[in-house]
Amino acid sequence: MAVLTSYGAYVPQYRAPLGEIQKFYGRPGRPRSRGLATPGLDEDTLTMAYEAARQALKGERGLGAVITTTQAPPFELRKMSQTLGLALRLDAGAVHIDLGANATGLLDAFRIAQTLDVGPTLVVATDHLVSYRDRVADVLSAGAATAFVIDPGKKAEGIATLGPQSRAAEEVFDVWMLGREQEPRFRLEVLFDAYARATGAAAKGLEKVTERPTGKYTSICPSQPHPQVLRGLARLGAQPKQLESTQFVGDIGNVGAASVGLALCLGLDASRKGSTLLALAYGGGEAVAQEMEVTRKPKSVGAREMIDAGEEIAVGTYYRWTEGRQQQPH
């Protein structure tokens, strides 16, 4: 069974005012977040990945593999994992794997790392998706990165064991386009119902394998928990206290591929020996659930402090910093 030996996180210090951004773009509705964690001009998904990885590695350079997952690579025709390894000055010879990801990308990378026979593997999830201003897509997108070192052969030295995964998929084909509109329309109620069904099925599948009910985990670490997903978890017996320490979307926004990683960092920071974590990710029509058991109380990386800290920026600054950073798909 693979073990987690260390982890790290990075959240940009700047906070853009989501409510004012929605007014600027003519988007109705109550803001779902107090602000958006927004990378500065000298930050992107690679620099955020570097900072998170540096915290996780603590100077270690002898890795067998580096896996990166992002929906917003800072450049094309260049391997993100290899460039990150060079920036970190890791020893030569590591296997480099890039995953084009969605919210489940980190847990996909965990699964790959658990099967690699090359030694410790650095897994990094980093993202910063920016909505096109002429689209009605989610404007909740923010930036962050998380990093984890996974070793299949050092159980005694790890801080947590990586348990089995369960997957469930429900693709939604209720999408249409009118005239020359560039963005597809979709029925939110159908989409959101699919969120709940897929995550519920994944959690139930994991319960069958582990014989641990959803309500018995110390913490549940979900990626961008939509209200329908939370209602689905409640029907499986989840309690609000299991989510108290792992929530962050209402503070800094949705950090995409890094979401489940940031929730895991929060859960690990608040854990102690014997704690059990349920990592739960949903994206692209698929949900993935994975069990983790803490075997040694980890030293906190300060994920909550990174989220709570922050320097406000004006709408104009947000616009200037994010213009041209739009990524497909969104």
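This is a predicted model: local features need pLDDT of at least 70, side-chain atom pairs count only at pLDDT 80 or more; totals for chains, interfaces and linings use all residues.

Me: OK, how many residues are in the largest nonpolar core?
Reply: It has 57 residues, and those with the most contacts inside it are Leu 4, Phe 110, Phe 148, Phe 248, Leu 262 and Leu 264. A nonpolar core here is a set of buried Ala, Val, Leu, Ile, Met, Phe, Trp, Tyr and Cys residues joined through side-chain atoms within 4.5 Å. Buried means under 20% relative accessible area, exposed over 50%, and partly exposed in between, with a 1.4 Å probe and protein chains only.

Me: Which helix gives the most to this core?
Reply: Helix H8, residues 259-269, with 7 residues. Helices (H or I, at least four residues) and strands (E, at least two) are DSSP runs, numbered from the N terminus.

Me: And what is Leu 262 in contact with?
Reply: Leaving aside neighbours within four places in sequence, Leu 262 is in contact with Ala 9, Val 11, Thr 146, Phe 248, Ile 252, Val 255, Ala 303 and Ile 307. Contact means heavy atoms within 4.5 Å.

Me: Switching to rings. How many aromatic pairs are there in the whole structure?
Reply: A search finds 4. Rings of Phe, Tyr and Trp (its six-membered ring) pair if their centres lie within 6.5 Å; planes under 30 degrees apart count as stacked, over 60 as edge-to-face and the rest as tilted. One of the pairs is Tyr 7 with Phe 148, stacked at 6.5 Å centre to centre and 20° between the planes.

Me: Where do Tyr 7 and Phe 148 lie?
Reply: Tyr 7 is in strand S1 (residues 3-10) and Phe 148 in strand S7 (residues 143-151), so the pair ties together parts 141 residues apart in sequence. Phe 148 is buried, at 0% relative accessible area. Phe 110 also pairs with Phe 148, edge-to-face, 5.4 Å centre to centre and 85° between the planes. Tyr 7, Phe 110 and Phe 148 form one aromatic cluster.

Me: Last one: which ring does Arg 212 lie over?
Reply: Tyr 217, at 5.4 Å from the ring centre. The cut-off is NZ of Lys or CZ of Arg within 6 Å of the ring centre and within 35 degrees of the ring normal.

Key. Residues are numbered from 1 along each chain as its sequence is written. Side-chain values use heavy atoms; hydrogens and water are left out.
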